[in-house]
Amino acid sequence: MNLDKMVNSKWYTGFEWGYRLVFLNLLMITIPALLGAIPFLLWRRYPNAGWLVIVAIVLMLFGFIPCFIAAFRVIKAYREEQTGTLFGLFFTYLFNTFKNIYLLELIMLPLFCLYTVAALFYWDIIGNYAQLDLPGWVAVISFVVLFFALVAFLLALIQLPMIVANFRMKTWSLLKFAFFMAFRYFFKTLTYGLLLLFPLLLVGLLKQIFLPFYLLIGISGPLYLIYMISRKQYWYLTHNLDELTTKE
């Protein structure tokens, strides 16, 4: 058997990418889950302490964002034929990413949680009104504003992996540029969001049937597609810094 021919075959390449995406997916799920495990287990022991669930969710989000970005950077590195072990690359990028974005997370996550709680509060108020009066309309307007603010946060988050993988920016510049890219290329960002959302919808519809697939490739698979769609755009932006500065 010709070993070189086998290694360069489409079957071998597909298998290689398959196991990479599976391990990246498991890392993106396992690391945030471990961060949220202690407060979640404490909540199971003390069910009246509902605030522990909120702590668990916040810790999981805090861990997921850098894992999400690190996984994208690993995909980018392998697609650009860089060498290195999967786990070595992932944890190197994870450490580097965390150093770059932890201040951003400390700004965005509390605001996101605050906006979410406020939106749920106003949604509850709206549900208690049979006919809207002035306070009811205030609640409706407040909910709509908060809802679109949350959507803006999510769209900016979707752009973060591409930005961090291609540019070095300070926290404030990174925050501004994430929102700029999210709305400057709104339909592309929306496409990325739908790619990430679609597997979750399948889990909701098919439940146990699709859940194992989601745990294996439900995040890393869409992330790979996002890289393939976005790479030409970001290659152009990184090679046309003058135009990028003008747009920003």
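Predicted model: local features only at pLDDT ≥ 70, side-chain atom pairs only at ≥ 80, totals over all residues.
1. Helix α3 first. It covers residues 51-79, and its end C-alpha atoms sit 42 Å apart. At 1.5 Å a residue, 29 residues should span 42 Å, so the helix agrees with expectation. Just past α3, have a look at Glu81, which takes a positive phi of about 60°.

2. Next, the pairing of α4 (residues 86-127) with α6 (residues 171-184). Their axes come within 9 Å and cross at roughly 65°, and the crossing is right-handed. On the α4 side the contact uses Asn100, Ile101, Leu103, Leu104, Ile107 and Met108, while α6 brings Thr171, Leu174 and Leu175. By type, that contact has 7 nonpolar residues, 2 polar ones and no charged ones. The spacing along α4 is worth checking by eye with the helical repeat in mind: an α-helix has 3.6 residues a turn, so residues three or four places apart point the same way.

3. Then the largest pocket, with a volume of about 1100 Å³. Its lining takes in 34 residues, and those nearest the centre are Leu61, Phe64, Leu154, Leu157 and Leu200. The elements giving two or more residues to this lining are α2 (10-45), α3, α4, α5 (134-166) and α7 (186-206).

4. Which helix gives the most to the lining of the largest pocket? That would be α5, with 9 residues.

Methods
Residues numbered from 1 in each chain as written. Heavy atoms only, no water. Helix = DSSP H or I, 4+ residues; strand = E, 2+ residues; numbered from the N terminus. Expected span 1.5 Å × (residues − 1). Axes fitted to C-alpha atoms, helices over the stretch in contact; angles between N-to-C directions. Left-handed = near helix turned anticlockwise from the far one by under 90°. Contact = heavy atoms within 4.5 Å. Nonpolar A, V, L, I, M, F, W, Y, C, P; charged D, E, K, R; others polar. 1 Å grid on protein atoms, 1.4 Å probe; cavity = no way out; pocket = protein on both sides within 12 Å on 5 of 7 lines; lining within 4 Å. Points joined across faces, edges and corners; volume = space filled by probe spheres on them.
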